[in-house]
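My notes follow as numbered points, with the charged pairs and the domain contact in mind.

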Amino acid sequence: MLDINYVRENQPKVRAAIKHKNADVDLDRLLILDEKRRQLMADIERRRGEQNRAGEDIARETDPREKQAAIDKMREFKDGLKEAEELLEPVQQEFNSLLLDLPNVPLDDVPVGADESDNEVLRSWGEPKKFDFEIKDHTELGETAGLLNFQRAAEVAGSRFVYVLGDLARMQYALMQYALNLLTDRDEIGRIVSEAGLDLPDTPFVPVVPPLMIRPEVLGRMARLEPRDERYHMESDDLYLIGSAEHTLGPLHMDQLLKEADLPLRYVACTAAFRREAGSYGRDTRGIIRQHQFDKIEMETFCLPERSREEQDLLVAVQERFLRDLEIPYRVMNVCTGDMGKPDARQIDMECWMPGQGKYRETHSADLMTDYQSRRLSTRVKRNDGSVQYVHMNDATALAMGRTLVAIMENGQRADGKINVPKVLIPLMKGLETIG
RNA sequence: GGAGAGGUGGCCGAGUGGUCGAAGGCGACGGUCUCGAAAACCGUUAUAUCUGCAAGGGUAUCGAGGGUUCGAAUCCCUCCCUCUCCGCCA
């Protein structure tokens, strides 16, 4: 959520954010309510002040008759206070809900645009490979070789589920191992930081196995409860299945006051993510691009406000390092206002070349949330000068398993139907150089 | 799932109806001492919000939300969490 003081003082920026992010919030209504709310609060606080002072007098009063008279007077006073409080309540409620609806304000250099088609290519790496044989998509490759079984998964769990089998499953575990090894290695992080020209500490990532279920109120504090029809909800326990490890990594420090020396805090987790894909019935019905359940290695970091932009650049640099190691052609996208998430101030996506589909597809996202999530989570940092600020939060994909396997399979396919294993994974797969 | 005990400031911990934002300790910060450090001693040390140019002042906050009361950290109710014992269990 945004700071109401910021909203009040930066109305043009907030108004632009609402418009450019295609949000639907009545800012004028919010500002009127804010004004009204503060008036009512001033009245209530004045009344409470009088009450407190009168209460002290009662406590001090020694004459029993005087005391009783004062108490009788206070009894009447109470009703006036209660009336004033009842006046405030509905105003405060509507104010709260409008404030929560406001999206984060994009950084100044975020491209303004309506949708995906307005995203900017920042840079690209690798060339889409030319094949001298008839190529297959990952579905065909996987089914033919017995690495993917959609049929059985559909019978067992429904559409958009899959069994990943044999050496392809082995490859997924190898990917997890490879990513985890790299992210927890201080030297590797230091190298990535310096190669990217960043001025950041080489703090390695702390591996985490987080809960896969989350309470609605916490998901709300992460600003991820909506859209609800995208989330799996377990009614009998009022719990949601996480749509990303972000959902339970982000609240790791809620209601906590950190020290400046604690930051940055960097975490990595490999978890399943659950999505209903309610709004995309016709899209990507073939293959494992869009599943109800997929495994993903996720990075979540907490840092000082003035470092958060560079911290995001670090996470992007990590993503690029992974894709280069895996020899997958990719491009880096500067996501425009209309396509970015509500809590994001800046969003960078990776798109990998998928030969089976003949186009680049999104595989990674790096989200800079600034203090939008930490304000509601109440994750703060006590600075060395004694001041207290909300930390800035970054969240980014390290590797989304399904889509990464698709990219490896389709880019690494050979004429004989076998798939080349990226060199970095070979040692982690008992020396296997091809699968299929 | 059953029974019991608890949740207080950055941390530990006292406080069972009245000038309590809350004793004491630790930590942190500033100072004295020292060549410097440690120790010792002195002092400072919550957050949010409103108001004010500022100094300051008001209000709220003792797990969360309701209630009783002139007045609640303290009493009552609901919920959340932690711990102990029992049961069940990978």
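**Notes on charged pairs and the domain contact**

1. I began with E320, which is buried at a relative accessible area of 7% (buried means under 20% relative accessible area, exposed over 50%, partly exposed in between, with a 1.4 Å probe and protein chains only). R324 is partly exposed at 39%. The two side chains meet in a salt bridge, 3.5 Å from N to O; the term stands for a side-chain nitrogen of Lys or Arg within 4 Å of a carboxyl oxygen of Asp or Glu. R324 and E320 lie 4 residues apart in helix α11, so about one helical turn separates them. Helices here are DSSP runs (H or I, at least four residues), numbered from the N terminus.

2. A word on the basis: this is a predicted model, in which local features need pLDDT of at least 70 and side-chain atom pairs count only at pLDDT 80 or more, while totals for chains, interfaces and linings use all residues. Residues are numbered from 1 along each chain as its sequence is written, chains are lettered from A and ligands numbered from 1 in the order written, and side-chain values use heavy atoms, without hydrogens and water.

3. Helix α11 (residues 308-325) also holds R321, whose partner E188 sits in helix α8 (residues 186-195), 133 residues apart, so this pair links distant parts of the chain. E188 is buried at 17% relative accessible area, and R321 is partly exposed at 23%.

4. In helix α4 (residues 64-101), D72 and R75 are 3 residues apart, about one helical turn. Their side chains form a salt bridge at 3.3 Å, N to O. D72 is partly exposed at 35%, whereas R75 is exposed at 53%.

5. How many salt bridges does the whole structure hold? The search finds 37. Between domain 1 and domain 2, however, the count is 0.

6. Now the domains of chain A: domain 1 covers 4-101 and domain 2 covers 116-435, with bounds from an automatic or database domain assignment. Their centres, taken over C-alpha atoms, are 43 Å apart. The contact (heavy atoms within 4.5 Å) takes 5 residues from domain 1 and 8 residues from domain 2.

7. The two domains bury about 520 Å² between them, 43% of it on carbon and sulfur atoms; buried area is the accessible area (1.4 Å probe) that two parts lose on being put together, summed over both. On the domain 1 side, H20, K21 and L100 lose the most area to domain 2, together 83% of what that side buries.

Notes:
Helix = DSSP H or I, 4+ residues; strand = E, 2+ residues; numbered from the N terminus.
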